[in-house]
Amino acid sequence: MAPRKKVPLIQEFTKGFVHENPVLRLILGTCPTLAVTTSVKNAIGMGVAVIFVLVGSNVVISSLRKIIPDKVRIPAFITVIAGFVTLVQLLMQAYVPALNDALGIFLPLITVNCIILARAEMFASKNAVLPSLIDGLGMGAGYTAAVFCMSTLREVLGNGTFMDIPLPALRAGGYFEPMLILVLAPGGFFVFGIMVGLAQKLSEQMSKKGVPAPDLCAGAINDNTACLLCGGCSLGRGPAGETAMDRMARQADERAESRKETTDSPGRNDKGGSNA
Amino acid sequence: MKEMLIILFSAILVDNYVLSKFIGICPFLGVSKNLKTAMGMSMAVIFVLTLSTAITWPIYNFLLDPFGLGYLQIVIFILVIAALVQIIETFLKKSVPPLYRALGIYLPLITTNCAVLAVTLMNIEQSYTFIQSIFYSLGVGFGFMLALFLFAGVRSKVDYADVPKFMKGLPITLVSASLVSLSFFGFKGLIEHLFS
């Protein structure tokens, strides 16, 4: 938990776009990303909701960061986030009911979206209010940019429309037959896979040009925290591509082994391992 | 009974949470590397899903709804789930050590697994009865397990494939997930014929 170096505010904002893009580089919040990118309208709606919750929760958490006890910080963060999510849901129900229906279950699921929790844990809980606000804006904008690109690809190639406006050249009888599979579930995984690959390539090239490589694993603070946040970090960053999840499983195995050895010691070898 | 079976099987095969609804992708990508962790995680998910449904359904229907507090459901549900997971962990550690050893490390991960919150909210949205909700959450849990197991098998083959450098690692994993998800299209329309 080394104190952060002074970073210009503008950089706090721009880092969310490519290098530390929450979706394509940090691989956070995958579920809603895949689900809402079937149409550009939904993706923008989701992006706005995420920006709102991210900025709101970042500001509140950062202003409460000295009051919240360290041990119960995760439940406290979740409560704050859930409050903002409820707010967004009620607002959307009132003013844009069609969008609310289209986003469906993914709107309340912003509560457990790891982008927001990870920013609260990594940034807002140890920075002042203003940088946290900018960080929230930047990360939210990076999220929106990523889902916008993905949804454009999927909607244009899969449905032959953009923002529900038909593109005649891409409809049946034009130059190109829309590939319906791209708007369906498999297309989501496919487009996302390709985009993560491209972002990886792009970021590698930026690193070569001297932009420092970002600290990708959100779990930088504590080996297991971020992976707890994300319900199983999917990125193998330990030695030999070991994820934090794998490491925890291995450590648990080792503990079980050593326990067995002690209980199997002479005198107690009839019922190894069971203790009343 | 027929209705229960329809709910159960459509949650497992047709509306598979991971592969067709995109809920619970993080653990799906994170723990599908080998069968052992996949087993532990899916067992823990089934366990917590069913228990949290059994608790949140009465809370909503007997406490929140009659008093017009339905808008608090997200806050209340997520806190109930977080507390429940903590209680289960402590209880298992003290009383059922073998089970704790099998599920222990996966339990803390479950609080932020979106499948749990999604199922509890869906039960309310679909206005299922208590029994229907239990069957639905079992179905979602087993569907999660099925997807995880199938994908763990695919993934062990992908590791040996020679892919372009920029696609190595996560990107190719996602593309193979897309193919597994495509295979689940085979189950579309199954339910009507199975129980008609």
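In the predicted model, Leu107(A) has a relative accessibility of 0% and therefore counts as buried, the limit being under 20%. Leu107(A) lies in the loop of chain A that runs between helix H5 (97-103) and H6. Leaving aside neighbours within four places in sequence, the contacts of Leu107(A) are Ala49(A), Val85(A), Val88(A), Gln89(A), Met92(A) and Asn100(A). One of these, Met92(A), is 15 residues away from Leu107(A) in sequence, with a C-alpha to C-alpha separation of 9.5 Å.

Ile110(A) is in contact with Met46(A), Ala49(A), Val50(A), Val53(A), Ile81(A), Val85(A) and Ile116(A), again leaving aside neighbours within four places in sequence. Ala49(A) and Val85(A) are also among the contacts of Leu107(A). The largest nonpolar core contains 114 residues, of which Leu109(A), Ile110(A), Tyr17(B), Ile23(B), Phe28(B) and Tyr136(B) touch the most other members. In soluble globular proteins, nonpolar side chains tend to be buried together.

Two helices of chain A, H3 (residues 40-63) and H6 (residues 114-122), have axes that come within 10 Å and cross at roughly 25 degrees. H3(A) is therefore roughly parallel to H6(A), as angles under 35 degrees are classed in this way. The crossing of the two helices, H3(A) and H6(A), is right-handed. On the H3(A) side, the residues that meet H6(A) are Val53(A), Leu54(A), Ser57(A), Asn58(A) and Ile61(A). Their counterparts in H6(A) are Ile115(A), Ile116(A), Arg119(A) and Ala120(A). Val53(A) and Ile116(A) are also in contact with Ile110(A).

Thr86(A) is located in helix H4 (residues 73-95) of chain A. The relative accessibility of Thr86(A) is 7%, so this residue counts as buried. When neighbours within four places in sequence are left aside, Thr86(A) is in contact with Tyr71(B), Ile74(B) and Val75(B).

Over all chains, the structure holds 10 aromatic pairs. Among them is the pair of Tyr128(B) and Tyr136(B), with 5.3 Å from centre to centre and 55 degrees between the planes, a tilted arrangement. Both Tyr128(B) and Tyr136(B) are buried. Together with Tyr17(B), these two residues, Tyr128(B) and Tyr136(B), form one aromatic cluster. Tyr17(B) and Tyr136(B) are also listed among the residues that touch the most other members of the largest nonpolar core.

Technical notes:
Residues numbered from 1 in each chain as written. Chains lettered and ligands numbered in written order. Predicted model: local features only at pLDDT ≥ 70, side-chain atom pairs only at ≥ 80, totals over all residues. Heavy atoms only, no water. Helix = DSSP H or I, 4+ residues; strand = E, 2+ residues; numbered from the N terminus. Buried < 20%, exposed > 50% of the residue type's maximum accessible area, 1.4 Å probe, protein only. Contact = heavy atoms within 4.5 Å. Phe/Tyr/Trp six-rings, centres within 6.5 Å; stacked < 30°, edge-to-face > 60°. Core = buried A, V, L, I, M, F, W, Y, C linked by side-chain atoms within 4.5 Å. Axes fitted to C-alpha atoms, helices over the stretch in contact; angles between N-to-C directions. Parallel < 35°, antiparallel > 145°, perpendicular 65-115°, else oblique. Left-handed = near helix turned anticlockwise from the far one by under 90°.
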